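Colleague: I'm new to this one and I'd like to know what stands behind the labels. Can you put it up and take my questions as they come?

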Amino acid sequence: MSLAEVKESYSRCCVNPKFFDVFYENFLASHPTIAPMFAKTEMTKQKSLLRQGISMMFMHLGGNGVGTTGIDRIGESHSKKKMNIDPKDRKSTRLNSSH
């Protein structure tokens with residue numbers, strides 16, 4: 001699947017106003033360690049940040065340096081040092097969600 005096709009698919013998802021609600025419902029239920037991390041999170045703001053992060057990812061994948069910088073900042077802000085998110089936990093969650 002090309003990047004353009006992925007962007008088109010994502011755009012179709014975003015038309016549904018419940019898309020990010022459903023995403024977070026599924027994400028928070030995907031692993032017992034996830035929901036507690038978001039217990040004090042203002043979810044309206046979080047959903048906006050996710051949209052921005054996805055935009056940064058598309059920019060990065062398209063070769064835009066601003067997107068790469070944005071992705072690097074997200075990686076740093078979600079590091080073990082900043083949020084106590086262990087990279088091993090992220091890998092475990094990705095693997096568990098594929099089953």
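Modeller: Let's start with burial: 18% of the 99 residues in the protein chain are buried. This is a predicted model, where local features need pLDDT of at least 70 and side-chain atom pairs count only at pLDDT 80 or more, while totals for chains, interfaces and linings use all residues. Residues are numbered from 1 along each chain as its sequence is written, and side-chain values use heavy atoms, with hydrogens and water left out.

Colleague: Why does F20 count as buried?

Modeller: Buried means under 20% relative accessible area, exposed means over 50%, and partly exposed is in between, with a 1.4 Å probe and protein chains only. F20 has 6% relative accessibility, so F20 counts as buried. Y10 is at 16%, so Y10 is buried too.

Colleague: And what makes F27 partly exposed?

Modeller: F27 comes out at 26% relative accessibility, so the label is partly exposed.

Colleague: How many helices and strands are there in the protein chain?

Modeller: Seven helices and zero strands. Both are DSSP runs, numbered from the N terminus: helices are H or I with at least four residues, strands are E with at least two. Along the sequence the pattern reads α-α-α-α-α-α-α.

Colleague: How do you know that the reach of α5 is close to what is expected?

Modeller: The expected span is 1.5 Å times one less than the number of residues. Helix α5, residues 65-77, has 13 residues and reaches 18 Å from its first C-alpha to its last, close to the 18 Å expected.

Colleague: What caps the N-terminal end of α5?

Modeller: That's N64, with a side-chain oxygen 2.7 Å from the backbone nitrogen of V66. A polar contact is a pair of N or O atoms within 3.5 Å; within protein, one must be able to donate a hydrogen and the other to accept it, and residues adjacent in sequence count only if both atoms are side-chain atoms.

Colleague: Where is S79 found, and what does its side chain reach?

Modeller: S79 sits in the loop between α5 and α6 (80-83). Its side chain reaches the backbone oxygen of E76 at 2.9 Å. With 14% relative accessibility, S79 counts as buried.

Colleague: What makes up the largest nonpolar core?

Modeller: Nine residues: Y10, C14, F20, Y24, I34, F38, L50, I54 and F58. A nonpolar core is a set of buried Ala, Val, Leu, Ile, Met, Phe, Trp, Tyr and Cys residues joined through side-chain atoms within 4.5 Å. Helices α1 (3-15), α2 (19-29) and α4 (43-61) each supply at least two residues of this core, and α4 gives the most, with three. As a general rule, nonpolar side chains in soluble globular proteins tend to be buried together.

Colleague: Why is the pair of Y10 and F20 called edge-to-face?

Modeller: Rings of Phe, Tyr and Trp (its six-membered ring) pair if their centres lie within 6.5 Å; planes under 30 degrees apart are stacked, over 60 edge-to-face, and the rest tilted. By this rule there are nine aromatic pairs. The ring centres of Y10 and F20 are 6.5 Å apart and their planes are at 80°, so the pair is edge-to-face. Y10 lies in helix α1 and F20 in helix α2, so the pair ties together parts 10 residues apart in sequence. F27 and F38 also form an edge-to-face pair, 5.9 Å centre to centre with 85° between the planes.

Colleague: Which residues does Q46 contact, leaving aside its neighbours within four places in sequence?

Modeller: Y24, F38 and T41. Contact means heavy atoms within 4.5 Å. Q46 is in helix α4, and its side chain makes a polar contact with the side chain of Y24 at 3.1 Å. At 17% relative accessibility, Q46 is buried.
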